[in-house]
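Student: I have a new structure to look at. Can you walk me through it?
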Amino acid sequence: MSITIARRVAAALSLAVLLTSAAHAGDVTFQIKNSHPNAMRVELYSQDRDYVWPGNGKDFYLDDGETKELPISCNEGESICYGAWVDGDEETYWGVGPNNKESCDDCCYTCSGGQTEEINLQE
């Protein structure tokens with residue numbers, strides 16, 4: 001009898017963990033177009049916690065003229081800003097720039113599902 005109760009409790013706890021995680025998780029896809037004549041690198045930065053996409057010292061690479069969709073998983077309601085810069089030239093940047101060092105007026109999006117409009121980065 002106690003094994004049955006233990007299984008029911010374990011199942012209920014597992015379900016509660018799944019529902020809690022699902023309620024706080026979100027996904028958003030950044031659609032970024034490189035209209036600059038040079039290749040660029042892009043990172044996405046959380047403004048609510050210490051987190052960067054793709055992370056682990058990597059970045060997204062966009063060749064000149066290339067458009068990429070960058071899907072990420074984030075926390076629902078989290079503010080995510082893009083930072084982009086010319087490959088090999090961190091002084092030419094868009095958004096919050098490399099390492100999230102700059103400020104911007106319109107480079108942040110709220111993690112609430114869906115996709116951003118096309119973000120066209122040009123000279």
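Tutor: Start with a term: buried means under 20% relative accessible area, exposed means over 50%, and partly exposed lies in between, with a 1.4 Å probe and protein chains only. By that rule Cys-74 is buried, with a relative accessible area of 3%. This is a predicted model, where local features need pLDDT of at least 70, side-chain atom pairs count only at pLDDT 80 or more, and totals for chains, interfaces and linings use all residues. Residues are numbered from 1 along each chain as its sequence is written, and side-chain values use heavy atoms, with hydrogens and water left out.

Student: What does Cys-74 bond to?
Tutor: Cys-74 forms a disulfide with Cys-111, S to S 2.1 Å. A disulfide here is a pair of cysteine sulfur atoms within 2.5 Å. The link is right-handed, with 90 degrees about the S-S bond.

Student: Where do the two cysteines of that pair lie?
Tutor: Cys-74 is in strand S5, and Cys-111 is in the loop between strand S8 (108–110) and S9, so the pair ties together parts that are 37 residues apart in sequence. Strands are DSSP runs of E with at least two residues, numbered from the N terminus.

Student: Is Cys-111 buried or exposed?
Tutor: Cys-111 is buried, at 0% relative accessible area.

Student: How many disulfides does the count come to?
Tutor: Three. Counting bonded cysteines along the chain, the pattern is 1-6, 2-5, 3-4.

Student: What about Cys-81? Which cysteine does a disulfide join to it?
Tutor: Cys-108, with S to S 1.7 Å. Cys-81 sits in strand S6 (residues 79–86) and Cys-108 in strand S8, 27 residues apart. Cys-81 is buried at 1%, while Cys-108 is partly exposed at 36%.

Student: And Cys-104 with Cys-107: is the link left-handed or right-handed?
Tutor: Left-handed, with -65 degrees about the S-S bond. The sulfur atoms of Cys-104 and Cys-107 are 1.7 Å apart.

Student: New topic. In what order do the strands of the open sheet come?
Tutor: Three strands form it, in the order S5-S1-S9, with mixed pairing. Two strands pair if DSSP finds at least two bridges between them.

Student: Why is one side of S5 and of S9 left without a neighbour in the sheet?
Tutor: S5 (67–75) and S9 (115–121) stand at the edges, so each has a single partner strand.

Student: How many bridges join S1 to S5?
Tutor: Nine, and S1 (residues 25–34) runs antiparallel to S5.

Methods. Helices (H or I, at least four residues) and strands (E, at least two) are DSSP runs, numbered from the N terminus.
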